[in-house]
Amino acid sequence: MITSTSNQQIKDAVRLQKKAKERKDRGLFLVEGFKMVKEASALGLVEKVYISEALDRKEESEQLRSVLEQEPYEWVSKEVFKTLSDTMTPQGILAVVKMPVYTLEELFTKQNLLFLEDVRDPGNVGTMVRTAEGASFGGVVLSKESADLFNPKVVRSTMGSIFRMPYIYVDSIPDAVLQAKEKGFHVYGTHLRGEHSYSKESYLGKTGIVIGNESRGMSGETAKAVSTLVKIPMGGSVESLNAAVAAAVMMYEVARQQGLSSD
């Protein structure tokens, strides 16, 4: 059992939790809880599992046994696990896992894509990734100024979608939008200058949706690159929606028109 936070394994894991550069350089990140650890294990992404001595082994025996039979693991003291954990009520198990890797060409084979331009709030990004999966979108294209997908808050917000939703970071969202158009996508951007309500458009073909920065919105260059600018009508004195809410409105309209929802 590891009982010291000075242990090199623990120090390395803590750096992964706290530093985006460390995650990027090593291609690794942390996930917490049985559901996330089991999902990473099923995909062959687990490097090492850490289990708290405080875990109720009897209560979690079946889940725990399935993990311990598959992956290398270490028991750690309660104090060490508290150092590793990023949650208020930890489940007592976490893992260092490898980041899935995708290419832009792979994403262009999908039916629908979400483009995020400088969306910086981790909670927004995580919610959008989860919503994209729920709306049957095929992937997410992010600008490098957007929040780190593997930030612990983003990982939690995705509720496992981070393992199932293809993604890629690009140097230029306008360039990625233009490439998507060449691959047959009609790309829509939510914008105050949109001529028509989003609900008046047809989304029956390969569709891209662009969501801009929370405070500035979409850049002028991206607004010029998209196929069509649309607006989401606002009532009262509201000028705009939260970015994650706007993304959900758009993606579920696409899903509704394409018949991708479960009903």
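Predicted model: local features only at pLDDT ≥ 70, side-chain atom pairs only at ≥ 80, totals over all residues.
## Helix packing

Helix α7 spans residues 122-134 and helix α11 spans residues 243-258. Their axes lie 9 Å apart, at an angle of about 10°. That angle makes α7 roughly parallel to α11, because angles under 35 degrees count as such.

On the α7 side, the contact involves N124, T127, M128, T131, A132 and G134. They meet A243, A244, A247, A248, M251 and Y252 of α11. By class, the contact has eight nonpolar and four polar residues. No charged residues take part in it.

## Aromatic pairs

The whole structure holds seven aromatic pairs. One of them joins F108 and F185. Its ring centres are 6.1 Å apart, with 50° between the planes, and the pair is tilted. F108 sits in helix α6 (residues 104-108). F185 belongs to the loop between α9 (173-182) and β8 (186-190). The two are 77 residues apart, so the pair links distant parts of the chain. F108 is buried at a relative accessible area of 3%, and F185 is buried with a value of 3%.

F150 and Y167 make an edge-to-face pair, because their planes stand at 70° and the cut-off is over 60. The ring centres are 5.6 Å apart. F150 lies in the loop between β6 (139-143) and α8 (152-158), and Y167 in strand β7 (residues 167-170). The separation is 17 residues. F150 is buried at 3% relative accessibility; Y167 is buried at 10%. Both rings also belong to a cluster, linked by ring pairs, that includes F29, Y102, F163 and Y169.

K48 pairs with E74, the closest N and O atoms being 3.5 Å apart. This bridge runs from strand β2 (residues 46-52) to strand β3 (residues 73-76), across 26 residues. K48 is buried at 17% relative accessible area, whereas E74 is partly exposed at 23%.

D86 and R156 meet at 2.6 Å, N to O. D86 is in the loop between α5 (78-84) and β4 (93-98), and R156 is in helix α8, 70 residues apart. D86 is partly exposed at 33%. R156 is partly exposed at 37%.

R256 and E253 form a salt bridge of 2.8 Å, N to O. Both lie in helix α11, three residues apart, about one turn of the helix. R256 is exposed at 54% relative accessibility, but E253 is buried at 9%.

Conventions. Residues numbered from 1 in each chain as written. Heavy atoms only, no water. Axes fitted to C-alpha atoms, helices over the stretch in contact; angles between N-to-C directions. Helix = DSSP H or I, 4+ residues; strand = E, 2+ residues; numbered from the N terminus. Parallel < 35°, antiparallel > 145°, perpendicular 65-115°, else oblique. Contact = heavy atoms within 4.5 Å. Nonpolar A, V, L, I, M, F, W, Y, C, P; charged D, E, K, R; others polar. Phe/Tyr/Trp six-rings, centres within 6.5 Å; stacked < 30°, edge-to-face > 60°. Buried < 20%, exposed > 50% of the residue type's maximum accessible area, 1.4 Å probe, protein only. Salt bridge = Lys/Arg side-chain N within 4 Å of Asp/Glu carboxyl O.
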